[in-house]
Amino acid sequence: MKDREKKYLRKNAPTESAKMVETIYGCKWSLTVYQLLADGINRPGEMVRSIEGLTTKVLNQCLRKNTEFGILERISYNEVPPRVEYKVTDFGAKFMKVLDELEKLQDEIENNI
């Protein structure tokens with residue numbers, strides 16, 4: 001009988017993805033940046049002009065974090081003056097679906113309270 005008992009190993013939390021979610025939610029501008037990108041606003045200068053209270057320095061930090069995680073891709077054009085655009089990567093699209101599901105879960109929690 002003991003041979004048939006199934007043994008389970010301790011399940012560990014997904015550390016890297018949890019760190020990504022925590023970092024993205026920790027940056028209060030990331031979700032807004034995703035919304036801008038979805039609306040076709042992909043240049044940093046236009047992003048800063050579109051959001052009241054967002055500074056270039058904070059936007060650059062936010063974009064850098066998202067690029068390091070592989071959520072966004074930075075595209076530099078060899079022009080004068082220099083032009084930079086950002087786009088969502090395939091991985092970033094998957095990650096944003098996870099964030100959408102978390103938002104739905106939060107709405108459900110708030111509606112049941």
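Residues are numbered from 1 along each chain as its sequence is written, and side-chain values use heavy atoms, with hydrogens and water left out. In this predicted model, local features need pLDDT of at least 70 and side-chain atom pairs count only at pLDDT 80 or more, whereas totals for chains, interfaces and linings use all residues.

Helices (H or I, at least four residues) and strands (E, at least two) are DSSP runs, numbered from the N terminus. The areas themselves come from the Shrake-Rupley method with a 1.4 Å probe, and for residues only the protein chains shown count as cover.

The structure holds five salt bridges, a salt bridge being a side-chain nitrogen of Lys or Arg within 4 Å of a carboxyl oxygen of Asp or Glu. Side chains of opposite charge can pair when their charged atoms come close. One of these bridges joins the side chains of E16 and K19, with an N to O distance of 3.8 Å. Because E16 and K19 are three residues apart in helix 1 (residues 15–26), about one helical turn separates them; K19 is partly exposed, with a relative accessible area of 41%. Helix 1 also contains T15, which counts as exposed because its relative accessibility is 60%. Between T15 and Y86 there are 71 residues of separation in sequence and 26 Å in space, taken from C-alpha to C-alpha.

The side chains of E101 and K104 meet in a salt bridge of 3.3 Å, N to O. E101 is partly exposed at 47% relative accessible area, whereas K104, at 52%, counts as exposed.

A further salt bridge connects the side chains of E79 and R83 at 3.1 Å, N to O, and E79, R83 and E85 are linked in a network of salt bridges. E79 counts as partly exposed, with 36% relative accessibility. The peptide bond from V80 to P81 is cis, with omega near -5°, and P81 lies in the loop between strand 1 (72–77) and strand 2 (83–88).

Surface patches are made of residues with over 30% relative accessible area and no salt bridge, like charges being joined within 9 Å and nonpolar side chains (Val, Leu, Ile, Met, Phe, Trp, Tyr) within 5 Å. Lys and Arg count as positive and Asp and Glu as negative, while His and the chain ends are not counted; the place of a charge is taken as NZ of Lys, CZ of Arg, CG of Asp or CD of Glu. A negative patch is formed by D100, E103, D107 and E110. Of these residues, E110 is placed in helix 5 (residues 90–112) and is partly exposed at 48% relative accessibility.

A nonpolar patch of about 650 Å² is made by Y25, L31, V98, L102, L105, I109 and I113, and its largest share, four residues, comes from helix 5. L31 belongs to helix 2 and is partly exposed at 38% relative accessibility. S30, found in helix 2 (residues 30–38), is by contrast buried, because its relative accessibility is 1%. Residues up to four places away in sequence set aside, S30 touches I24, C62 and N66, where contact means heavy atoms within 4.5 Å.

Conventions
Buried means under 20% relative accessible area, exposed over 50%, partly exposed in between (1.4 Å probe, protein chains only).
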